[in-house]
Amino acid sequence: MAGDVIAVAHLTRRFGAFVAVDDVSFTVARGEIFGLLGANGAGKSTTFRMLCGLLPPTSGTLRVAGFDLRGAAASARGRIGYMAQKFSLYGDLSVAQNLRFFSSAYRLTGARQRARVAWAETEFELGPMRDATARDLPLGFKQRLALACALMHEPDILFLDEPTSGVDPLARREFWRRINALAEQGVTVLVTTHFMEEAEYCDRLVIMAQGAVLAAGEPEAIKQGARTATQPDPTMEDAFIAVIEAAQAPAQAA
Amino acid sequence: MPDTDPKPAVRLAGVRRVFRAGKRVVTALDGITAEAARGAVTGLVGPDGAGKTTLMRLIAGLLRADAGRIEVLGIDVARDPLSVQARIGYMPQRFGLYEDLSVAENLDLYADLQGVPPDRRPARYAELLHMTGLGPFTGRMAGRLSGGMKQKLGLACTLVHPPDLLLLDEPTVGVDPVSRRELWQIIDHLTRDAQVTVLFSTAYLDEAERCDSVLLIHEGQLLGHGKPGQFTAEMAGRSFLAAASLGRRRLQARLAAVPGVIDAVIQGSRVRVVTAEAVPPVAAGLVAEAPDLVLTPTPPRFEDSFVARLRARDGLAPPAPPTPPLPLAGEGAWRAT
């Protein structure tokens, strides 16, 4: 589709005999919040690393922001902001130094860099902590700083890897308020999570297990797919379990 | 043998622990007073950094408290950590499975370490393998098990010597919902049938509702202590599902700004709303842009109570206003510069 910012087709990644990602296909439209839901080891992070151009696929095609990642990974990366699990900040550097470092890494210089650092300090209320060492920040601040760092170069696409695992509910709401505002403004968001609540915030999502996509659709549709007489109003967790059990049933019967 | 001692399995009185690294001082636990009953599952529930792991290590006698007193199975841990350690099983977050040993070899290793006599092992292994469903996989290398199976093997290794108190530090983090459900079935079996007392830590708030009793911890402080039903009872009549034709993200942002609303989160196609008081909000006119707004009562959940406590602590401050609109000028217009 013309409006697709991310297009993945028959994506496969092997490590020796192990198939980490097995024939995965999906598309994500501009301004959409798209979720990859699955347990540790389901293939989410491997898919993510390929989408970021950090790992070449064994087979399949990947287009991100109009660039084929096999030929133009660097160009695509310039359009992507990435927030890693556990926030990958430089613990020994101050808040201001982290912002300067990440903006330099995204090739911002001079007045533009100063403007973006100032924007981040204001927008994420980091000003009062600008001289604090990143390691000493409370978790909620770390999360805000990590998001600010990922947004320094005004990316069109934002990749969030387990963004709110373990943070308190208010920090999680605050984080998603910002993500929703970005999506409303046209930023495309791809998020991996094993947190069922977070899946509810996505416009569409895929459920992954053992490298494969087992279900895809809007959260409401995925939940409705698990409706039974005994379970009239399934949660996302109920739906996830139903999808996994349905996938295992033919294997066990064979 | 059923444990009939009426004293609590764990008694915490004013427990405080501070960590220092150079000039930094972090108060991991700031005066925790609570109890965990015998034969029950007590949940240590709270986000990362709450102090859950520190509390587990203090109870296991692996760390000393700076102030306060901890009694485990009637023993003062500070005085006699070895007696406590002989009677507990502790499964830390990164359990030390030997990945290049098989399931059976891992069990043997832990049986050796815990001094389980060889003649008692076959019956105990059979019980543990049945309980964890690992029976068909005894020859498999631990490194080749799925995340959920590794957790179950870690649990079996922790249990080779039957403990009176089992400490499980975030065993369900990152495992898939099917394995999580299986772990909970094992824990239920242990407490109901084997009379083991379980202390279970988690950052997943929905797991609070599966515990018999909960200590809600946040930033080193105890925010609440009781049966999960007591937490949700406080929230009765205060949660609703909101539906309107306005997009769900806009509806959420507008509802979050309504006075008296302490929480609004997207749940599928609807928005889940929690109010400050048990007075049903009048849907008509609540959100100007959503004349077709419908509010349906929905049962409270543990997380509602946590959010209410955090809001109360922060002085019932209304949620932050929506992000100020940035200059809009077509494609990529969210840019602030």
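**Strands, domains and contacts in a predicted model**

In this predicted model, Glu71(B) has Asp76(B), in strand 5 of chain B, as its bridge partner.

Me: What makes strand 4 and strand 5 of chain B a pair?

Reply: Strand 4 of chain B, residues 67-72, is joined to strand 5 of chain B by two bridges. Pairing requires at least two bridges, so the two strands count as paired, and they run antiparallel.

Me: Why is one side of strand 2 and of strand 5 of chain B left without a neighbour in the sheet?

Reply: The open sheet of chain B has four strands in the order 2-1-4-5, with antiparallel pairing. Strand 2 (24-36) and strand 5 (75-76) stand at its edges with a single partner strand each, so one side of each has no neighbour in the sheet.

Me: How do you know which residues of chain B belong to domain 1 and which to domain 2?

Reply: The bounds come from an automatic or database domain assignment, which gives 1-87 + 196-232 for domain 1 and 234-313 for domain 2 of chain B. The C-alpha centres of these two domains lie 33 Å apart. Their contact takes 10 residues from domain 1 and nine residues from domain 2 of chain B. On the domain 1 side, strand 10 (221-226) and helix 7 (228-233) of chain B each give two or more residues, and helix 7 of chain B gives the largest share, three residues.

Me: What makes the side of domain 1 of chain B that touches domain 2 nonpolar, polar or charged, by class?

Reply: Sorted by residue class, that side of domain 1 of chain B has six nonpolar, two polar and two charged residues.

Me: Which residues touch the most other members of the largest nonpolar core?

Reply: Among the 172 residues of this core, they are Leu145(A), Phe159(A), Val189(A), Ile59(B) and Leu167(B). Membership requires a buried residue, and buried means 20 or more other C-beta atoms within 10 Å; Leu167(B), as a member of the core, therefore meets that cut-off. Helix 6 of chain A, residues 169-184, supplies the largest share of the core, seven residues. Leu167(B) touches residues including Met56(B), Ile59(B), Tyr90(B) and Leu199(B), not counting residues up to four places away in sequence.

Me: How do you know which helix of chain A gives the most to the side that touches chain B?

Reply: The contact takes 36 residues from chain A and 34 residues from chain B. Helix 6 of chain A gives the most to the chain A side, with 10 residues. By class, that side has 16 nonpolar, seven polar and 13 charged residues.

Methods
Residues are numbered from 1 along each chain as its sequence is written. Chains are lettered from A and ligands numbered from 1 in the order in which they are written. This is a predicted model: local features need pLDDT of at least 70, side-chain atom pairs count only at pLDDT 80 or more; totals for chains, interfaces and linings use all residues. Two residues are in contact if their C-beta atoms, placed from the backbone, lie within 7 Å. Ala, Val, Leu, Ile, Met, Phe, Trp, Tyr, Cys and Pro count as nonpolar, Asp, Glu, Lys and Arg as charged, and the others, Gly among them, as polar. A nonpolar core is a set of buried Ala, Val, Leu, Ile, Met, Phe, Trp, Tyr and Cys residues joined through C-beta atoms within 7 Å. A residue is buried if 20 or more other C-beta atoms lie within 10 Å of its own, exposed if 12 or fewer, and partly exposed in between; C-beta atoms are placed from the backbone.
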